[in-house]
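Here's a quick tour of a protein chain. Have a look at the sequence and the fold, then read on.

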Amino acid sequence: MRCVACKKEAKVKFIYAFCESCFIRHYEKRVRKLINKFKLIQRGDKILVAVSGGKDSLSCAEILASLRSIYKFKLAVLHIDVGVSTCTDFRTEEVIRSFCKERDIDFYIIRFKDFLGVDESVDIKELFKKTRRPICSTCGMLKRYLLNKFAREAGFNKIATGHCADDITKFFFKNWFSQNFDWIAKFKPFTPSSHPKIISRIRPLFECLEMENLAYVKFKNITIAGYSQCSYFLKKDKWDRLLKFIDEKRPDFKLNIVRGLEYIKIEVDKDRPLRECEICGEPTDRQVCSVCTFKERLSLK
Ligand code: SF4
Ligand code: ZN
């Protein structure tokens with residue numbers, strides 16, 4: 001197998017075969033093209049990138065770090081320690097801290113346990129089980145809340161995440177089938193703020209495949225954290241099997257789905273405008289936000 005660019009021996013093949021250096025160049029060029037096309041970064045931006053320690057978020061942080069001198073923006077990393085025993089290990093924080101130190105990026109960390117005011121010995125998974133919500137749904141709700149709150153209070157004007165074409169395709173089908181259209185409408189490379197207290201989101205890896213992110217961190221010698229992936233999400237469900245089946249027939253399937261999503265316009269339900277939670281003041285479409293409701297239900301302060 002030969003690299004399509006330089007004809008040397010290829011190391012990877014997703015849609016096209018590439019050698020190591022041509023793959024890195026091609027990957028970075030595609031991300032830059034998306035950033036320019038959707039004007040994701042402006043001079044003077046203050047961007048906070050959410051990093052779990054996995055291949056996707058570290059690829060995102062790496063590429064943004066390399067673009068600081070070109071686009072002239074400030075970059076910092078936030079890691080949210082979820083405290084769920086099966087989703088994190090003690091090395092994750094150190095891996096991300098070293099990554100940031102080597103690249104001169106400010107590093108911040110928030111822990112669910114601190115926010116919820118629970119003891120270090122508590123396994124957050126057991127705490128989440130006390131609610132009727134699925135664990136990942138509660139975890140996702142808290143992560144979104146803390147990420148937005150932290151970014152705003154620390155003066156960032158954009159939040160970057162490592163969501164890639166695989167996440168977005170699966171997310172699209174799941175939400176389409178449950179007719180959750182306003183969520184789909186938000187999933188674009190750029191989601192502008194919909195409330196003065198909500199920070200805009202950018203997704204620079206929108207058109208990158210999960211396996212490409214893995215190859216990128218490997219070729220760039222970036223250490224990823226052990227349990228940094230969402231372990232419950234890793235359990236393959238029917239959507240994964242279905243998407244894999246289509247993928248085998250059409251390797252460009254996910255890319256075509258996400259490229260289509262970039263242009264699709266969905267009318268969202270504006271009947272429930274955002275207001276401020278009467279307990280914490282964060283934006284919500286209810287009187288009391290879902291995080292305060294969750295805390296009340298568990299009698300947490
Ligand atoms: Fe949270 Fe991911 Fe673990 Fe689910 S799998 S509990 S979303 S960290
Ligand atoms: Zn609240």
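Among contacts in the protein chain between residues at least 6 apart in sequence, what percentage join residues at least 24 apart? It's 70% of them. Keep in mind that this is a predicted model.

**The whole chain**
- You'll find 13 helices and 10 strands in the protein chain.
- A compact globule of 301 residues would have a radius of gyration near 19 Å, so the 20 Å of this chain agrees with that.
- Taken along the principal axes, the box filled by the C-alpha atoms is roughly 65 × 40 × 40 Å.
- Of the 301 residues, 33% are buried.

**Helix H1**
- Helix H1 covers residues 20-37, which makes 18 residues.
- From first C-alpha to last, H1 reaches 26 Å, close to the 26 Å expected at 1.5 Å a residue.
- Its buried residues are Cys-22, Phe-23, Tyr-27, Val-31, Leu-34 and Ile-35.
- As a rule, an α-helix has 3.6 residues a turn, so residues three or four places apart point the same way.
- The cover over the buried residues of H1 includes strands S1 (12-13) and S2 (17-18), along with helices H2 (55-71) and H9 (210-219).
- Just after H1 comes Lys-39, with a positive phi of about 50 degrees.

**Strands S4 and S5**
- Strand S4 (residues 74-81) pairs with strand S5 (residues 106-111) in the parallel sense, over 6 bridges.
- To get from S4 to S5, the chain goes through helix H3 (residues 91-103), and this β-α-β crossover is right-handed.
- If you want a spot to look for, Asp-81 stands opposite Arg-111 in S5.

Technical notes
Residues numbered from 1 in each chain as written. Chains lettered and ligands numbered in written order. Predicted model: local features only at pLDDT ≥ 70, side-chain atom pairs only at ≥ 80, totals over all residues. Helix = DSSP H or I, 4+ residues; strand = E, 2+ residues; numbered from the N terminus. Rg over C-alpha atoms; globule rule 2.2 N^0.38 Å. Buried ≥ 20, exposed ≤ 12 C-beta atoms within 10 Å, placed from the backbone. Contact = placed C-beta atoms within 7 Å. Pairing = 2+ DSSP bridges. Right-handed = clockwise from strand over helix to strand, strands pointing away. Expected span 1.5 Å × (residues − 1).
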